[in-house]
Amino acid sequence: MSGVSATGEKIPVRVYGGPTALIEYGGLRFVTDPTFDPPGEYPMPLPGDHKLVKTDPSPVTAAGLGRVDAVLLSHDEHDDNLDNAGRGLLAEVPVVFTTESGAGRLSGNVIGLAFWETAELKRPDGGTVTVTGVPARHGPVGCEPITGDVIGFMLTSDDLPSIYVSGDNAALEHVKEIAERFAPVDTAILFLGGARMPFAFDGALLTLDSAQGAEAAKTLGARRVVPAHYDSWAHFQEGHGEIQAAFAEAGLADRLDFAR
């Protein structure tokens, strides 16, 4: 199983705001949770007048990404992880990996993965990339009827360092499970931001905060941490400065790569 790169090879990753990142891996181009819509208010599918508020525009359009071979979609039910323009992109890519329930709501080229289920993609050079669905939970224990299902991903290939994409995960116990199977991880793309909603679960975390992100990095033995999902939306409680401070306090500042 591939893990930390012995050669120091750095897999190209670029974060485009919110949870959207482009990963170039084994000659394939993966996009996480595509969001390209302009700033505005997005109604939430909950009782009451609750909205998600996007504060900043995306620095790229879906077309501006160029070729996309696969989308890694942590979940489809929240606009800050899949917006209208992102949904348009899904129809144009060869394959989308997401939750099993999400595959039932989306159509066409969508594959739902259970936790620990794998799928293989052919690399242009004749090798393969394995996509593994890994556990995630979008809030405290028992949150799923409200927040919905969510999934993370591992990308592995025989001759490449490994990539972990956390998705909207708030459960460090799931990070420990992932580490038991995959640590050390070369690059961890961690969805941070310490997302909270005052009306949901008494303000409990819906994603990892900065300190938990540093703990997750230690647990995974990650050589590089690429933060995502910490800007461009009003419900993110912690940003660039808080992430830097938490990783510095944990002695992990040298592992951070904001990949902008």
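**Charges, fold and cores of a predicted chain**

Student: How many positive and negative side chains does the protein chain have, and how far apart are the centres of the two sets?

Tutor: Lys and Arg count as positive and Asp and Glu as negative, with His and the chain ends not counted. Each charge is placed at NZ of Lys, CZ of Arg, CG of Asp or CD of Glu. The chain has 19 positive and 36 negative side chains, and their centres lie 4 Å apart.

Student: What should I know about the model and its numbering?

Tutor: This is a predicted model, in which local features need pLDDT of at least 70 and side-chain atom pairs count only at pLDDT 80 or more, while totals for chains, interfaces and linings use all residues. Side-chain values use heavy atoms, without hydrogens and water, and residues are numbered from 1 along each chain as its sequence is written.

Student: What share of the residues is buried?

Tutor: Buried means under 20% relative accessible area (1.4 Å probe, protein chains only). Of the 260 residues in the protein chain, the buried share is 59%.

Student: How many residues are in the largest nonpolar core, and which touch the most other members?

Tutor: A nonpolar core is a set of buried Ala, Val, Leu, Ile, Met, Phe, Trp, Tyr and Cys residues joined through side-chain atoms within 4.5 Å. The largest has 28 residues, and those touching the most other members are Ile23, Tyr25, Phe30, Phe97, Val131, Leu155 and Ile189.

Student: Which residues are in the second core?

Tutor: This core is separate and has 25 residues. Among them are Leu172, Ile178, Ile243 and Leu256.

Student: What are the spans of the C-alpha trace along its principal axes?

Tutor: The trace belongs to the protein chain. Its spans are about 50 × 45 × 35 Å.

Conventions: Buried < 20%, exposed > 50% of the residue type's maximum accessible area, 1.4 Å probe, protein only.
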